[in-house]
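Work through the exercises below with the coordinates open. Try each task before reading its solution.

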Amino acid sequence: MSNSVNISVETTCENQIREIAYDGTELYQPPPTLSESLAKCAARIDFSKTSLDDLKKEEKSAAAAEDKEDKDNQFQESLWPWDAVRNKLKDAYTEICVLSDVISIAKDKRYLVLDPLLEDGDDTKAIVQVYSRKKALSQAAQVLLGGAERLRTAHSEQRSRNVSDFHIELLRLRQNWRLKKVSNGAIIGDLSYRTAGSKFGMSGTFEVTKAEDTLDEEGGAGTSATASAASSASSSNNGMQLKASSALRVIVPAELQGVAYIKVITQKDQEDLCTAQVNLMGHGPNITAQVGVWQKTLEFAQNVLFCKELFAQLAREAIQLQAPIPHVVIGNQIRATLLPNIQLIISLCHSTSFDSSQPAPINDHDHVLEHSLHQLLREVHYKNSHHPFPHPASAPLGPSKKRMLAGPTAADREALLDMTKTQTILEQIIAQAQHIFMRKRTQYVLDTLARDVKDPQIVSHWNAMNSPTMSCVKINIVTHGYDAIGRTSLVIHVKERSLKCICRDGRVMRLSYEPQELRDLILCQINSHQISCLVSLARCMAWTVLSNSNHLGIGKVEPLGNASSCLLASPNSDRMIAVQIRCDPQIDVKVYIARSPRQDFFPSPLVPEKFWENLGGNFKEVRFDKIEGKSFLNKMEFLMASLTSNTA
Amino acid sequence: MGVTVLQPYPLPEGKSGAHIIDHLGKRLLSLGATHAGQFLVDCETFISTPQHGTPTRAVHVLHDSEFPASTFSIIDNGTGKQVALVADAIFDLLMLKMTSTFTSKKQTKIESRGARFEYGDFVIKLGSVTMMEHFKGILIEIEYRPCITLSYCWEMIREMLQGFLGINVAKEYPTYFTTQTIMNAMGQQQLHAKQNDLYEPMDTVKQYLEHFTNYRKHVQLHGGLGSSGLSVNGPVLMPSTVVGVGMGRS
């Protein structure tokens, strides 16, 4: 009894609260009686379900149905709780009865027969499948072949037609030129340089139309510059594989038809010196072959316009400018004088007929002048269209950036004056042509001198970089073998009409355009070079330089200045050498030797003492051209060496 | 643009300014110089409205006919520090708008005007300094164009000045170029020799300002002393309409 505990087991015995009164008392729902609980359980039974799955499904649907039932129960609460059970049993009984009736009728075989179902034959004959697939494939192939056939015919028709569609041609035209459509349906294009800044009055509009349908490949050359006419002429000319005609036609104004170019010639006394051609046709034939004959027509027309504008500008400036020798404008030629007897002729050549023989390229084709003229006009166009932006934005629009900065950077009067100076195209091209001429002339003088004068060698180094109006050349005069002894150098600045020479010692000389002046200068420099190298050589040989002079002032007056001379004494002072160099115009060298004591001294009553023989003898001339030696300095070296005696 | 040096010319007694300038001009022409126009350097001063606590600041606005596109201005903030500016000529219009802060002292408008001579690489200007129509003195400006450092060409300029002026020019550099002590980037005191600097147009203008300030101070100095302070007073012909000493006061 002590190790057992009494345990009582009870239910919670809590009932649902039906109602809570206002004073807090709770009214409980009485627990269901036994009969009520039995009725509830019986209502749950569903006689139509037999398996477990069905029961589960039934539970779910019962949960849904119960919601519905709760709603229904509100209306039908007075129904008998066993009613649902009775209905289900009744349905089940009805179904069993029907089933038994059907079976009995089927057993009789008079009104209802039960036949077994035939199973499906799962292998139809293979050949049938093959036939069906073959048919389907052939139908698909038919569709595809039909489409391909259509494409092929369209493609071959296009190619065989050999004339492009108008619209494709128009597209290509639009890619290269500016077109617009005007109100009456015509298409107008513009080939002028207006958008690039040109202010030329001539209009460059051309019209684009469809070519006639009866395309005339061999057709007679019409007078108007139609694409077909151009093609027939040019295809026979150039032998290019051009399309014989195209779907569109361009009509250019009459004054722009044909081919034009600007020819620049420098003429000296009716003799051609150099020529330049200005031409815009930098494109090869490849492009035109691709895009059609109209491209070539339009390019020629644009070239004509450019050349006309360039020539008009040059002619206008030629009339306005005041030159010492006035410029002459005759017809399509402008003549300007560069230097006395040298003229610059700029002419506009415009040929309106398509002749197959282009003028043969002239040999002295000066690309520089050609390019310069082109560039100068383009620069004018550029300045017209590009204005420097003012900083700040309220400053006037017009002055260049340099002028705008002149204030804050305290530019002085000369700088401001330089900013106001501008040069016209004609002035610039004249300056460039003058400079080219001066440069050629200077080169010629230096080259002929270098060829003619063998003794000191004249080496000229031209600067690789120069401006269109100035070049520089450095000249070194050296004697071969004696480079270390001495070298004379000078720099020459070649400008448009003059030269400026700067010598090593700082002397600056300005020469004019005459070639003789430069020649004389170089000869004088050679002269002084010989003497100065001789002085250095004498020092090396231990000979004493008694005196030297660059301008002696003896002999007859020469156009090139005077002789230069040098007097040397041997280390023992027993010999003297006197050298005189003139440039007469050839370099003329005279060498004299004297010895001391003189051999021919005889005491006389006037001069009795013997020591007067040491005054030195007469100078005797040396036949300098017979002395061994490759150059003047070499000969002098041998001479000095031979006259140096061993005795102390 | 080269090195410019200003040299005041002491007026001998009994001679008028115009006479001296004429004399010097003739000397230059006989030396071979060419007369090349006129020149004008003027200076106008604006004083800031006095406020309590801050010293009054002065803005000097100078023009030089040698730099016609520019206007120079120097601010003096009362404690000796100067800030210089080179601007476009439109700067004068800006100063007109600043009348609320700066008032123009018209009485101290001073200018140097005269003939300009070109002599080889030199440009020599003989200027007579006047302030409100009162003649103050003669200021010679000499510019050696090829050089841009004073120390390289000072001797040559000095020789040139002594040659045609006939006066003794001191061997030392002008007062504007004296060595100053400045703080360098490390924060140390350093002697800075101004004669070795690259010369700028601003230096010319600052020299002019220095001399103009001297001329103004002379006036005040001599005006305070009373009579005949200025060497040009007395019974001599004057280039302008000044009458007596009393007008010398500003």
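**Exercise 1.** In this predicted model, what is the strand order of the open four-stranded sheet of chain A, and which strands stand at its edges?

*Solution.* Start with the order. The four strands run β3-β4-β5-β6 in chain A, with antiparallel pairing. Next, look for strands with a single partner. β3 (178-181) and β6 (248-251) of chain A each have one, so each leaves one side without a neighbour in the sheet. Then take the twist: it averages 30° from one strand to the next.

Now check one pairing. Strand β4 (residues 187-190) and strand β5 (residues 205-210) of chain A run antiparallel and are joined by four bridges. Within β5(A), A:Val208 is the bridge partner of A:Ile187.

Finish with the helix. α5 (residues 166-176) of chain A lies across β3, β4, β5 and β6 of chain A. Its angle to β6(A) is about 45°.

**Exercise 2.** Repeat the analysis for the five-stranded open sheet of chain A. Which strands of chain A stand at the edges?

*Solution.* The order is β12-β13-β14-β15-β16 in chain A, and the pairing is antiparallel. β12 (456-462) and β16 (508-511) of chain A stand at the edges, because each has a single partner strand. Neighbouring strands of this sheet are turned by 20° against each other on average, direction ignored.

Count bridges next. Seven join β12(A) to the antiparallel strand β13 (residues 471-479) of chain A. A:Pro456 finds its bridge partner in A:Thr479 of β13(A).

Then place the helix. α12 (residues 425-452) of chain A lies across β12, β13, β14 (488-494) and β15 (499-503) of chain A. Helix α12 of chain A runs at about 155° to β12(A).

**Exercise 3.** Describe the interface of chain A and chain B. How many salt bridges does the rule find across it?

*Solution.* Begin with area. The two chains bury about 940 Å² between them, 52% of it on carbon and sulfur atoms. A:Ala410, A:Asp412 and A:Arg413 supply 51% of the area that chain A buries against chain B, more than any other three residues.

Now the pairs. The rule finds one salt bridge across the interface. The side chains of A:Glu414 and B:Arg145 form a salt bridge at 3.2 Å, N to O. Three residue pairs are in polar contact across the interface.

Last, sort the chain A side.

Conventions:
Residues are numbered from 1 along each chain as its sequence is written. Chains are lettered from A and ligands numbered from 1 in the order in which they are written. This is a predicted model: local features need pLDDT of at least 70, side-chain atom pairs count only at pLDDT 80 or more; totals for chains, interfaces and linings use all residues. Side-chain values use heavy atoms; hydrogens and water are left out. Buried area is the accessible area (1.4 Å probe) that two parts lose on being put together, summed over both. A salt bridge is a side-chain nitrogen of Lys or Arg within 4 Å of a carboxyl oxygen of Asp or Glu. A polar contact is a pair of N or O atoms within 3.5 Å; within protein, one must be able to donate a hydrogen and the other to accept it, and residues adjacent in sequence count only if both atoms are side-chain atoms. Two strands pair if DSSP finds at least two bridges between them. Helices (H or I, at least four residues) and strands (E, at least two) are DSSP runs, numbered from the N terminus. Axes are lines fitted to C-alpha atoms, for helices over the stretch in contact, and angles run from 0 to 180 degrees between N-to-C directions. Contact means heavy atoms within 4.5 Å.
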